[in-house]
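I opened the model to look up its sheet, some helices and a few single residues. My entries follow in the order I made them.

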Amino acid sequence: MVRPLVLTQTTTRVLEPSDLGAALAILESEPVANAFVTSRVQVAGLDPWRLGGEMWGWYADGRLRSLCYSGANLVPICAGPEAVRAFADRARRAGRRCSSIVGPAEPTTQLWRLLEPTWGPAREVRGNQPLMVTESPAPDVTPDPLVRRIRKDEMEVLMPACVAMFTEEVGISPLAGDGGLLYQARVAELITTGRSFARIDDGKVVFKAEIGAATPQACQIQGVWVAPEHRGRGLSETGMAAVLRYALADVAPVVSLYVNDYNTPARKAYQRVGFREVGAFMSVLF
């Protein structure tokens, strides 16, 4: 009797548009952790020009098992140790083209350990960024009624707050390099899609946040910022409660975010609004 051939080798390759169904099956197996990449793939598919990068697939026994998004960020997805090693080998051969490595803490730690000898040193490594989720807001925090969606004609009012938040969080200005064209386009996209929120008093942004990634299963809040002169007054809590209300009502049944572990005030504020910690991310910034 002739037994059928069973593929036992592992391999990686750049995925093509025809691989979309298999890729989405992996992405949607962990809807919260993968929200950022899933939202991009659901809109753009797997064509590198539309996606803004390549999607690498790792195959074992002839089946697609893990992914790695390689664009402005390098993001391991549902990747075990063997897949991470394969992605690291491919990344080394390609050379660093990303501004950060980000993803679930365990595979991202392993990926950076393998890449650091050739890609290092990093500008900063944030090894533990708690991943927080909620399906319902805390009943004892009243949403700020002045937090609302930003209109297209308010982009010039919003941009200084966006630049201040990015610079404070990342350590460099988003206006560097291309003069901020890509960053401005991203801010405009979030405003156009109704995912940018703020409280504006006397023509200045007091609080702001965005729903940066959105899928039918989960969405992710990002860019939370309170003007320095208004901090310590609870605006991050009431503002987040307002954004959370919009997100749960209009976007997805689960809302997530991740925060730096050393930012104790923010973690406590998010917990008071209704978020709980369910895991951890890691970011390597170049």
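I took contact to mean heavy atoms within 4.5 Å. For directions, I used axes that are lines fitted to C-alpha atoms, for helices over the stretch in contact, with angles running from 0 to 180 degrees between N-to-C directions. Helices (H or I, at least four residues) and strands (E, at least two) are DSSP runs, numbered from the N terminus.

I noted that this is a predicted model, in which local features need pLDDT of at least 70 and side-chain atom pairs count only at pLDDT 80 or more, while totals for chains, interfaces and linings use all residues. Residues are numbered from 1 along each chain as its sequence is written, and side-chain values use heavy atoms, with hydrogens and water left out.

**Entry: the sheet**

I counted two strands as paired if DSSP finds at least two bridges between them. In what order do the strands of the open sheet lie? I read twelve strands in the order β1-β2-β3-β4-β5-β12-β6-β11-β10-β9-β8-β7, with mixed pairing. At the edges I found β1 (10–14) and β7 (148–149), each of which pairs on one side only.

**Entry: strand β4 and its neighbours**

I looked at β3 (residues 63–70) and β4 and found them antiparallel, joined by four bridges. They form a hairpin with two residues between them. Leu67 has Ile77 of β4 as its bridge partner. On β5, the pairing with β4 is parallel and has two bridges; there Asn73 is partnered by Ser100 of β5.

Is β4 covered or open to the outside? I used buried for under 20% relative accessible area, exposed for over 50% and partly exposed for values in between (1.4 Å probe, protein chains only). β4 is mostly covered, as five of its five residues are buried. Asn73, Val75 and Ile77 point one way from the strand, and Leu74 and Pro76 point the other way.

**Entry: helices on the sheet**

I saw helix α8 (residues 181–192) lying across β8, β9 and β10 (219–226), at about 85 degrees to β9. Ile200 stands opposite Val205 in β9. Another helix, α5, lies across β4 (73–77), β5 (100–104), β6 and β12 (276–285), and runs at about 155 degrees to β5.

**Entry: α9 and α10**

Two packed helices are described by the angle between their axes and the distance between the axes. For α9 (residues 235–250) and α10 (residues 264–273), I read axes that come within 9 Å and cross at roughly 50 degrees. The contact is made by Ser236, Glu237, Met240, Ala241 and Leu244 of α9 and by Ala269, Tyr270, Arg272 and Val273 of α10.

**Entry: single residues**

Where is Gly239 found? I found Gly239 in helix α9, buried with a relative accessible area of 0%. Gly239 touches Asp144, Val147 and Phe207, not counting residues up to four places away in sequence.

I placed Thr38 in helix α2 (residues 35–44), where Thr38 is buried with a relative accessible area of 2%. With residues up to four places away in sequence not counted, Thr38 touches Leu27, Glu28 and Thr215.

Last, I looked at Pro121, in the loop between α5 (105–119) and β6 (124–134). Pro121 is exposed, with a relative accessible area of 73%. The C-alpha atoms of Pro121 and Leu285 are 9.7 Å apart, though 164 residues separate the two along the chain.
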